[in-house]
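Please look over the model shown here before reading the points that follow. They are meant for someone who has not worked with it before.

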Amino acid sequence: MFPEHAPFNPEQRNSLSQLLSSLNPSQSAWLSGYLAASWPVSASASAPAARQELTVLYGTESGNAEELGAKTVKLAKKQGFKAKLINMADINPTVFTKSKKLLVIVSTWGEGDAPESAVAFHKEFMSQEISLDGVEFSVCGLGDTSYEEFCKIGKDFDARLEELGAKRVVDRVDCDVDFEGSYEKWVAHALKALDFGDAAPAPELSVFETVATTVFDKQNPFPAKVISNFCLNGLGSAKETIHVELDIEGSGLSYEVGDALAVIAVNATDVVADILDAVGLGGGSQVTLKGGRETSLTEALTNSLDITALSRAVAQKWAKVVKNKELDNLLDDKYEADFKNFVLGRQIVDLLRDFPANELAPQVFVDCLRKLPPRLYSIASSPVAHEGMVHLTVAAVRYHTYNKQRKGVASTFLADFGHVGEKVLVYVHKNKNFRLPADPSTPVIMVGPGTGIAPFRAFVAERAATEAPGESWLFFGDQKYSYDFLYQIEWQEHLKEGALSRLDVAFSRDQPEKVYVQDCIREKGADLFTWLEKGSHFYVCGDADRMAHDVHEALLGVVEVHGGKSREEATAYLDAMKKAKRYQRDVY
């Protein structure tokens, strides 16, 4: 029925209801435009009045939470909210007391860590005692189910907001790497609930706008042609690091140094064959993927599903299928350490073989798996110096565990199948938290061991191409000077031309006692602190588990020793650098 409160008599309402119910979507859209063009409205009625203020707070590591935050604000304004977007890096927890209506979108990094830009905010909020009576909220957590502490930071905020008296209007949603569908439902329900409270009507769930022109992005990746692919390591190296160049001319894709390229890889045929053998299924069976697409089991396992990363989420789904007491016990919270030990070095195929299913329908198996996530690689080129191209520096991951050879999905896809002339599906992933200083005269210090060198190759190439006057200091490390000095000739040329001011290297296997980049930082501590004092920006890229932590500890020590500061003062010094975006990390 047409709404009874509408300004029409019963006969008009009945006629309008009959007409509107008979229209298809294109007819409805045409009629809406026709009415808007035919009957002018007053300025006061041309847009909905801002009914209520709404704060959308985000904490991001790779940019997804910021992207969704901006989308949320846009949707909220269309509904009439006076919405504002706030980065956790730019505010303190008192923002909660000033926000009666609040949406929080926050990612979890690695094993339960807050995003780099939100560490201080999260720590302060979790310990601060404030009254949030009268605040209405909902939380969207972003994470990756391959990690044990899936969406932990989102859960932290959700629980703490409730503890402090805020009212949850819509349950928290925990999004995996394919977050679009879960986010879409959450934001539609959350905005309706904040607008109408308990009387909220059913929301319209299509919140991702369609674009008429061809745009290459996450939903529509670009098929980039491989124009170069070669190994950077010398013969005799224990490593396999490849340099890949892709042609993006005419794609409309644009990037800045510091951004990442998402690669849509496919699973290797031998890995797919092992999986099919482990479950005893034929690859020709028809299955339906999330979203309704029907395809063969082989095609689904090759192109659409993650068939390697063994997580608790996958194991729990499989446990419901096989009903194995030993697996159930392994998944019991009391034996969390045992499960972590089991997962270490194993993949999904090991779970399938260790706990086989007696009878298995192909669709049941597919429903246990998540979508194959794209892999993000720091871009190793400058759009100014390498026009129409994007370069990557990729370590091919190959290892042997439990009597079986293993390999990384995307890295070996690029290494083994990314031959010159082949096409790879890609899109650009923006990283606003890893940028060169706006002032080209500002000095920069870059720490990038191994493939962490990638964005700094882009930084220096950009500064060389634009003739930026700022000094640049690079710390690079790897295993052996003779085999693993990635881009050595380029660095020597940049030193000669002046685009690179200083270069310090650490090759861990060239002497009996291992030497790493953090050791170089300590050794050059006096000069490094002088650079910091004159306003240098400090960047770190590479391994998050050990290297980034060790570099941070070395930097703290430099500030303590050469700045004459206590541990607390040195910590505050680096926190201030982070706040000013002078200390940035791109770690993985």
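**Notes on the predicted model**

1. The second largest pocket has 33 lining residues, and those nearest its centre are Asp178, Lys290, Ser304, Lys371 and Leu372. Two elements, helix 6 (180-196) and strand 16 (423-429), each give two or more residues to the lining of this pocket. Helix 6 gives the most, with three residues. The structure is a predicted model, and this applies to every point in the note.

2. The volume of the second largest pocket is about 1000 Å³. Sorted by class, its lining consists of 15 nonpolar, 10 charged and eight polar residues.

3. The cavities come next. There are four cavities of 30 Å³ or more, and the largest cavity holds about 90 Å³ of space. Residues lining the largest cavity include Val266, Asn267, Ala268, Val271 and Thr308, together with Lys407, Gly408 and Phe417. Helix 14 (residues 409-417) supplies the largest share of that lining, five residues. By class, the lining of the largest cavity has six nonpolar, four polar and two charged residues.

4. The largest nonpolar core is made up of 37 residues, and Leu301, Trp318, Leu327, Leu351 and Phe365 have the most contacts inside it. The elements that give two or more residues to this core are helix 7 (269-279), helix 8 (297-303), helix 9 (312-322), helix 10 (325-330), helix 11 (336-343), helix 12 (348-354) and helix 13 (362-366). Helix 7 provides the largest share of the core, six residues.

5. In helix 19 (residues 525-533), the buried residues are Gly525, Leu528, Phe529, Trp531 and Leu532. Viewed down the axis of helix 19, these buried residues fall within an arc of 155°, so they line one face of the helix. Gly535, which follows helix 19, has a positive phi near 100°.

6. Gly563 belongs to helix 20 (residues 547-563). With a relative accessible area of 24%, Gly563 is partly exposed.

7. Is strand 21 (residues 583-587) enclosed or open? Five of its five residues are buried, so strand 21 is largely enclosed by the rest of the structure. In a regular strand, side chains alternate between the two faces of the sheet. In strand 21, Tyr583, Arg585 and Val587 point one way, Gln584 and Asp586 point the other way, and all are buried.

8. Strand 21 pairs with strand 20 (residues 537-542) in the parallel sense, over five bridges. Within this pairing, Val540 has Arg585 of strand 21 as its bridge partner.

9. Glu467 is not a glycine, yet has a positive phi of about 55°. Glu467 lies in the loop between helix 15 (454-466) and strand 18 (472-478), and is exposed, with a relative accessible area of 68%.

10. Tyr487 sits in the loop between helix 16 (481-484) and helix 17 (488-497). Is Tyr487 buried or exposed? Tyr487 counts as buried, at 7% relative accessibility.

Definitions and conventions. Residues numbered from 1 in each chain as written. Predicted model: local features only at pLDDT ≥ 70, side-chain atom pairs only at ≥ 80, totals over all residues. Heavy atoms only, no water. Buried < 20%, exposed > 50% of the residue type's maximum accessible area, 1.4 Å probe, protein only. Helix = DSSP H or I, 4+ residues; strand = E, 2+ residues; numbered from the N terminus. Arc of directions from axis to C-beta. 1 Å grid on protein atoms, 1.4 Å probe; cavity = no way out; pocket = protein on both sides within 12 Å on 5 of 7 lines; lining within 4 Å. Points joined across faces, edges and corners; volume = space filled by probe spheres on them. Nonpolar A, V, L, I, M, F, W, Y, C, P; charged D, E, K, R; others polar. Pairing = 2+ DSSP bridges. Core = buried A, V, L, I, M, F, W, Y, C linked by side-chain atoms within 4.5 Å.
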